[in-house]
Amino acid sequence: MVTKKFVAICNEISSISPFIRFVGIIGERGELLAHKRRPELTPLLDEKNTQYQFSHIAMKTDLEGFFDKNLGEVEFVWEERKKVQTISFSIKKSIVWVSIDKKSN
């Protein structure tokens, strides 16, 4: 279910920097609830691999919950990859996933 609130969050985050490639809000089962993509860019992942990525994020987030009692909740995850940087964080039970060009500071 896409809500106006999720769309607004995607729009707000994507407006922070022209280096942000994609902002997506992912549900507990890995479903894409809302997103904003820079229109002039070709996606780095095809549709199938995008769904695998979102499913992976949802499963990883769920598994990390087992350690929350001892380590505390995950506040955010930053990944440095060869082509992009990614950041993910939770808003209640949904996950915000952001990909950023490597050219940014």
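The dialogue below goes through the sheet, the helices and an aromatic cluster of this predicted model.

Biologist: How do strands of a sheet pair, and in what order do the 5 strands stand here?

Modeller: In general, the strands of a sheet are joined through backbone hydrogen bonds, and they may run parallel or antiparallel. In this model the 5 strands make an open sheet with the order β2-β1-β5-β4-β3, and the pairing is antiparallel. The edge strands, each pairing on one side only, are β2 (32-37) and β3 (77-80), and from one strand to the next the twist averages 15 degrees.

Biologist: Over how many bridges do β4 and β5 pair?

Modeller: Strand β4 (residues 84-91) and strand β5 (residues 94-101) pair in the antiparallel sense over 8 bridges, with Ile 91 standing opposite Ser 94 in β5.

Biologist: Which strands do the helices α1 and α2 touch?

Modeller: Helix α1 (residues 4-14) packs on the sheet and touches β1, β2, β4 and β5, its direction making about 155 degrees with that of β1. Helix α2 also packs on the sheet, where it touches β1, β2, β3, β4 and β5, and its direction makes about 125 degrees with that of β5.

Biologist: Which residues form the aromatic cluster, and are Phe 22 and Phe 54 buried or exposed?

Modeller: The cluster is formed by Phe 22, Phe 54 and Trp 97. Because burial is called under 20% relative accessible area, Phe 22 at 5% and Phe 54 at 2% both count as buried.

Biologist: Where in the chain do Phe 22 and Phe 54 lie?

Modeller: Phe 22 lies in strand β1 (residues 20-26) and Phe 54 in helix α2 (residues 47-64), 32 residues apart, so that their pair links distant parts of the chain.

Notes. Residues are numbered from 1 along each chain as its sequence is written. This is a predicted model: local features need pLDDT of at least 70, side-chain atom pairs count only at pLDDT 80 or more; totals for chains, interfaces and linings use all residues. Side-chain values use heavy atoms; hydrogens and water are left out. Helices (H or I, at least four residues) and strands (E, at least two) are DSSP runs, numbered from the N terminus. Buried means under 20% relative accessible area, exposed over 50%, partly exposed in between (1.4 Å probe, protein chains only). Rings of Phe, Tyr and Trp (its six-membered ring) pair if their centres lie within 6.5 Å; planes under 30 degrees apart count as stacked, over 60 as edge-to-face and the rest as tilted. Two strands pair if DSSP finds at least two bridges between them. Axes are lines fitted to C-alpha atoms, for helices over the stretch in contact, and angles run from 0 to 180 degrees between N-to-C directions. Contact means heavy atoms within 4.5 Å.
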